[in-house]
Amino acid sequence: MPAHLLDDSLADIEARLDAWGEPAYRARQIARWVLREGVTTFEAMTDLPLPLRARLAEAYTLEPPAELARTDADDGLTTKVLLDLGGSEPGAPGFDAVEAVRMDYDPESPEHAPGTRGRSTVCVSTQAGCAMGCVFCATGQQGFTRNLTTSEILAQVLHFTRGAEGRPVSNVVFMGMGEPLANYDPTLRAVRWLIDSRGLDMRARGVTISTVGLEGPIRRLAGEGLQVGLTVSLHAPDDDLRRRLIPTAGGVTIDGLLDASREYVERTGRRVTFAYALLEGVNDEPEQARRLAERVRGMRAHVNLIPYNPTAGEGLRRPSTARVRAFQRELQAAGVNATVRIERGVEIAAACGQLRTDVVAGNAPPVAVLDSGTA
Ligand code: SAH
Ligand code: SF4
């Protein structure tokens, strides 16, 4: 089977075309067809000579993954899709799927009204499953299947931009299934396709990578010369608790992560966000907020609180709104900027991994479209 075109970088494609004796602008033409026009065959690239189209079709595929399930919520403001990567039936050997979510609001900022004009965020997965094993995360509890390729990551964005119902995407957040910095090269190549002026031409500031906190890769990312946003999942004010929530955190310390985050801020000029999943009675005490504030105060950073989204995890509870607000107030009183992540899409479990669990377990209909109301 030929390689997917979008697993190569633009430079790779240019080099191949050059070797074929084609002019340099052909790569740009092809990229425009694939990313902006959303075509899925080379035959559709009508401004390319026919022999070149045939040659490309022999060398590359443009096949997009099929949609296995779709769920709409929030009057259509949130759409979650399950995309087929393996070509087998759910539950059968070789079944492999990832989920992607589109949110037509700003998921990081509750102050934004629903349907904020022109804002459309796609949340992408970078791995099928995840090896990090965070105790509160449905994906982590499923274990790791494999890394996604660059084309599989980009397909999740293109799924929402192409076709009759397709619309432009303003933001991409790497917050779906998997740990993006554990799949570094394919993730970075996808980021470059998103922000390259010859690619999807998105603002780098509209792209956010969320990491469980891999210190070395954060430092490497700081040196890439990209203006992408970084979210570091902290979840605890001390290392003991953090290692209980993220069993694979191992030798990575909060001090090390804060230091790598400072390096990111210095080298990119971007603020860093610390994600903090709030679990009742585990990490949501006011005293823990004060200790967290002590550690992050003074950094060009802000804390984004994510009230626990109940998943398959046993024994974990979502704190009441009053407790969430109290935690936020402690941080703010200590001079730390803190927001609460908007909770739209909770009814379709948009946070992480859950749709896939349902389909694998056979609990969900293959296509579940809820009434999207009057939107
Ligand atoms: N692996 C990366 C990105 C994917 S997870 C990371 O961990 O940062 C995206 C975000 O969702 C992370 O901040 C993670 O902590 C959070 N998350 C996962 N499961 C959750 C749940 N059940 N409730 C609330 N937040 C959750
Ligand atoms: Fe992996 Fe992120 Fe889930 Fe942790 S929270 S298991 S790192 S996807």
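Predicted model: local features only at pLDDT ≥ 70, side-chain atom pairs only at ≥ 80, totals over all residues.
Start with the whole chain. The protein has 375 residues, and 55% of them are buried. Its secondary structure comes to 12 helices and 14 strands. Now consider contacts between residues at least 6 apart in sequence. Of these, 67% join residues at least 24 apart.

Next, look at helix α6, which covers residues 184-195. How far apart should its ends be? At 1.5 Å a residue, its 12 residues should span 16 Å. The end C-alpha atoms of α6 are 17 Å apart, which agrees. Is this helix enclosed or open? Nine of its 12 residues are buried, so α6 is largely enclosed by the rest of the structure. The buried residues are Y184, P186, T187, L188, A190, V191, W193, L194 and I195. They pack against several helices: α1 (10-19), α2 (25-36), α5 (150-161) and α7 (215-222). They also pack against two strands, β9 (171-174) and β10 (207-211).

The 12 residues of α2 should span 16 Å at 1.5 Å a residue, and its end C-alpha atoms are 16 Å apart, which agrees. Its buried residues are R26, A27, Q29, I30, A31, W33, V34 and L35. What covers them? The cover includes α1, α3 (50-59), α5 and α6. After α2 comes G38, whose phi is positive, near 70°.

L62 is found in the loop between β2 (60-61) and β3 (67-73). Is L62 buried or exposed? Its relative accessible area is 6%; that is under the 20% cut-off, so L62 is buried. L62 and S151 are 89 residues apart along the chain, yet 8.9 Å separates their C-alpha atoms.

Now turn to the nonpolar cores. The largest one holds 100 residues. Which members touch the most others? They are L194, F274, V303 and L331. The largest share of this core, seven residues, comes from α6. Take V303 as an example. With residues up to four places away in sequence not counted, V303 touches F274, Y276, L292, V296, L331, V336, N337, A338 and T339. A second, separate core has five residues, including V101, M103, V173 and M175.

Finally, look at the ligands. Ligand 1 is surrounded by 19 residues, and the closest are F136, S210, S233, H235 and N309. Three of these residues show how polar atoms meet the ligand. In S210, an N or O atom of the side chain is 2.7 Å from an oxygen atom of ligand 1. In S233, a polar side-chain atom also lies 2.7 Å from an oxygen atom of the ligand. N309 uses its backbone instead: a polar atom there is 2.8 Å from a nitrogen atom of ligand 1.

Which residues are around ligand 2? They are C130, M132, G133, C134, C137, G140, G178 and V212. Sorted by class, this shell has five nonpolar residues, three polar ones and no charged ones.

Definitions and conventions: Residues numbered from 1 in each chain as written. Chains lettered and ligands numbered in written order. Heavy atoms only, no water. Helix = DSSP H or I, 4+ residues; strand = E, 2+ residues; numbered from the N terminus. Expected span 1.5 Å × (residues − 1). Buried < 20%, exposed > 50% of the residue type's maximum accessible area, 1.4 Å probe, protein only. Contact = heavy atoms within 4.5 Å. Core = buried A, V, L, I, M, F, W, Y, C linked by side-chain atoms within 4.5 Å. Near = heavy atom within 4 Å. Nonpolar A, V, L, I, M, F, W, Y, C, P; charged D, E, K, R; others polar. Polar contact = N/O pair within 3.5 Å; in protein donor to acceptor, adjacent residues only side chain to side chain.
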